[in-house]
Structure formats: C-alpha cells, structure tokens
Amino acid sequence: MSTPYSAPLPAPSSTPLPAPLSTPPTAAELEAQEAELTLRHFTYDDAWVLGTLLVELARERRAPVAIDIRRGPQQLFHAALPGSTADNDAWIDRKRRVAERYGASSFLVGTRFREKGTTFEESSRLDPDRYAAHGGAVPIAVEGAGVIGTVTVSGLPQAEDHAMVVEALEKLRALSAE
C-alpha cells in the first residue's frame, strides 16, 4: 500500500545485480581501481548526483541498502531503501570510519589484512564495534586535494556493496567529463 509520501517500488528490472566475484580482487587490483576513481571536483551538487545515481541503481536492482555520502564530517546525502534497517546505518558508520582512518576503501583495507594472513579484527587493534573493514565505504578523492569524504553503501554482501559504489563513482566521473 502506498502512502502520499512514498513512491512505489519500480517493477523488477531486467538489469541483474553484478555476478558475484569468482575470486575476490587483490589489494593491487583494488588500489588501481581507487586510483581511477579520483574526481576533478566534488561539490554539494555532485553529492546529490552521486546519491541519486546510487538510489537509482539500488531501486533498479531492488537492493535493500542504505546510502551515505560525506564531505569531511558533514553528511551530504543519506537514503534508506525498502528492506534496509537501522543495522545498515550502524554498518555504514563502522565501514566509513575505516575508509576515513586509512584513506582507502573498507574493502581494500580488509583485503590487505587478509593478504597478510590475518584479519582486520585480529590485527588492527581497533574496536570492532566502531570499525569494520568490510566492503562498501569508498573514499572520495579529488585531484589536487586528496581524500575529502566518503561514499558508503550497506545492505548487500561486501563485494556487491563495494561494486555498487564503484559503479556510481564511475558514472559520476563520466558525467563530469561531459
């Protein structure tokens, strides 16, 4: 049942979720990917466009995610789609803290620890109630400025959360180049 304040969910899309990764990406692959995601600029309008791109991707795929975009400590965009819960917001905070602390995606940070034969939880010495090196938080890097914020998705398996953010950042880069 739809209320005057809620939009109906779109019909199922013919666009499926990306296929699960057969083998997880390496730290080197993730580092190269992040280098390609550097933006020319990131304004308040860019945050809105990026957030809208993520909402569109999630709605097309009926993905039960929450989305968060920050520039420094300021939240510029937040959305919670049907099926997401307050737990997703808690995961966003934990993954975002990792991306902020390490200046790298939460997926890359976790991968680096795994490649060393350990886990983030075992070896980082950080409180696991406040930090999670699970995929979904990606730093927003701007040419000449470095990391200025984060974009985070939570609600899917970690590789899919990460892939959704990367896809939206790639689309934003393409739009900025036009």
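1. A salt bridge is counted here when a side-chain nitrogen of Lys or Arg lies within 4 Å of a carboxyl oxygen of Asp or Glu. Side chains of opposite charge can pair when their charged atoms come close. By that criterion the structure holds seven salt bridges.

2. The model is predicted, so local features need pLDDT of at least 70 and side-chain atom pairs count only at pLDDT 80 or more, while totals for chains, interfaces and linings use all residues. Residues are numbered from 1 along each chain as its sequence is written, and side-chain values use heavy atoms, with hydrogens and water left out.

3. One of the salt bridges joins the side chains of Arg 96 and Asp 93, at 3.2 Å from N to O. The two residues are about one helical turn from each other, because they sit three residues apart in helix 3. Helices (H or I, at least four residues) and strands (E, at least two) are DSSP runs, numbered from the N terminus.

4. Arg 96 has a relative accessible area of 9% and is buried, whereas Asp 93, with 25%, is partly exposed. Buried means under 20% relative accessible area, exposed over 50%, and partly exposed in between (1.4 Å probe, protein chains only).

5. Another salt bridge is formed by the side chains of Glu 31 and Arg 112 (2.9 Å, N to O). Here too distant parts of the chain are linked, with Glu 31 in helix 1 and Arg 112 in helix 4, 81 residues apart. Glu 31 counts as partly exposed at 36% relative accessibility, and Arg 112 is partly exposed at 31%.

6. Helix 4 covers residues 106-115 and is mostly covered itself, with seven of its 10 residues buried. Those buried are Ser 106, Phe 107, Leu 108, Val 109, Gly 110, Thr 111 and Phe 113.

7. What covers the buried residues of helix 4? The cover, in terms of contact (heavy atoms within 4.5 Å), includes helix 1 (27-36), helix 3 (86-102), helix 5 (120-123), strand 3 (137-142) and helix 6 (158-177). Helix 4 is followed by Gly 117, whose phi is positive, near 85°.

8. A network of salt bridges links Arg 61, Glu 167 and Lys 171.
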